Amino acid sequence: MDYVIIVAGGKGLRMGSDIPKQFLPIGGKPVLMRTLERFRQYSPTLQIILVLPKAQQEFWKKLCQKHNFTVAYQLADGGETRFHSVQNGLALIPDDAEGVVGVHDGVRPFPSIDVIRNCYETARTVKAVIPVVPVVETLRHISLTSHLSPLTSKTVPRNEYRLVQTPQCFDIQLLKAANRQPYNDGFTDDASVVEAFGYGITLVEGNRENIKITTPYDLKIAEVLTA
């Protein structure tokens, strides 16, 4: 059986809103609802686990009532960091479970169905998969240790870099084992956790529309994508 852990713990600080960004509407519907619906569209049998901070759960339940939201999911409490939130989500998956688990940002409502499917199906054989997209703008590396003013910088070859998206998909037993490691600040996403455990990551093509909604500009783009 396959699972997805949807992590939504944002506070909306960069959005300049009192409402957490995952609850802001796009096309009249909260971002997080669109995200859950996209994974239900991918598979009617996928087991969805939503991770939300305790302080946001009552508000979310009221939103679900208001919008008659009926997508089935299990609810887990958010943790101190993303790593701990994913741990809480994994705890709802049986220890002897077999299959693939994806981890997805709650504020990414636009992963294509094809990308989701490719991540899950590829993970059945290679066990650790993340979607990425090419860097299209020029990149410069800044030397933060430089005493010069302005900071020393240089152009780096953009074809050697990729932008990472979600869902990041893993063999269930692999991700469970990797998440038993002690936390460290290098765990920026789930792929970094699995890499620290000693397992390599396979890259697959993502979709450019799969943006992470964190700023008012992103919200405007999202409105266009839902039009």
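Which residues is Gln168 in contact with, leaving aside its neighbours within four places in sequence? They are Val101, Gly102, Val103, Val129, Ile130, Pro131, Asp189, Asp190 and Ala191. The model is predicted.

**Gln168**
- Gln168 is part of strand 11, which covers residues 168-171.
- The relative accessible area of Gln168 is 1%, so the residue is buried.
- At 3.4 Å, the side chain of Gln168 reaches the backbone nitrogen of Asp190.

**Helix 1 and helix 2**
- Helix 1 (residues 31-42) packs against helix 2 (residues 54-66) at an angle of about 70°, and their axes are 11 Å apart.
- The two helices are therefore roughly perpendicular to each other.
- Leu32, Met33 and Leu36 of helix 1 meet Trp60, Leu63 and Cys64 of helix 2.
- The residues of this contact are six nonpolar, no polar and no charged.

**Salt bridges**
- Lys54 and Asp77 form a salt bridge, with their closest N and O atoms 3.8 Å apart.
- Lys54 lies in helix 2 and Asp77 in strand 5 (residues 74-77), so this pair ties together parts 23 residues apart in sequence.
- Lys54 is exposed, at 62% relative accessibility, whereas Asp77 is partly exposed, at 29%.
- Glu121 and Arg124 meet through their side chains in a salt bridge of 3.2 Å, N to O.
- Both Glu121 and Arg124 lie in helix 4 (residues 113-126), three residues apart, about one turn of the helix.
- Arg108 forms a salt bridge with Asp105, the closest N and O atoms being 2.8 Å apart, and both residues are buried.
- A network of salt bridges links Arg82, Asp105, Arg108 and Asp190.

Key: Residues numbered from 1 in each chain as written. Predicted model: local features only at pLDDT ≥ 70, side-chain atom pairs only at ≥ 80, totals over all residues. Heavy atoms only, no water. Helix = DSSP H or I, 4+ residues; strand = E, 2+ residues; numbered from the N terminus. Buried < 20%, exposed > 50% of the residue type's maximum accessible area, 1.4 Å probe, protein only. Polar contact = N/O pair within 3.5 Å; in protein donor to acceptor, adjacent residues only side chain to side chain. Contact = heavy atoms within 4.5 Å. Axes fitted to C-alpha atoms, helices over the stretch in contact; angles between N-to-C directions. Parallel < 35°, antiparallel > 145°, perpendicular 65-115°, else oblique. Nonpolar A, V, L, I, M, F, W, Y, C, P; charged D, E, K, R; others polar. Salt bridge = Lys/Arg side-chain N within 4 Å of Asp/Glu carboxyl O.
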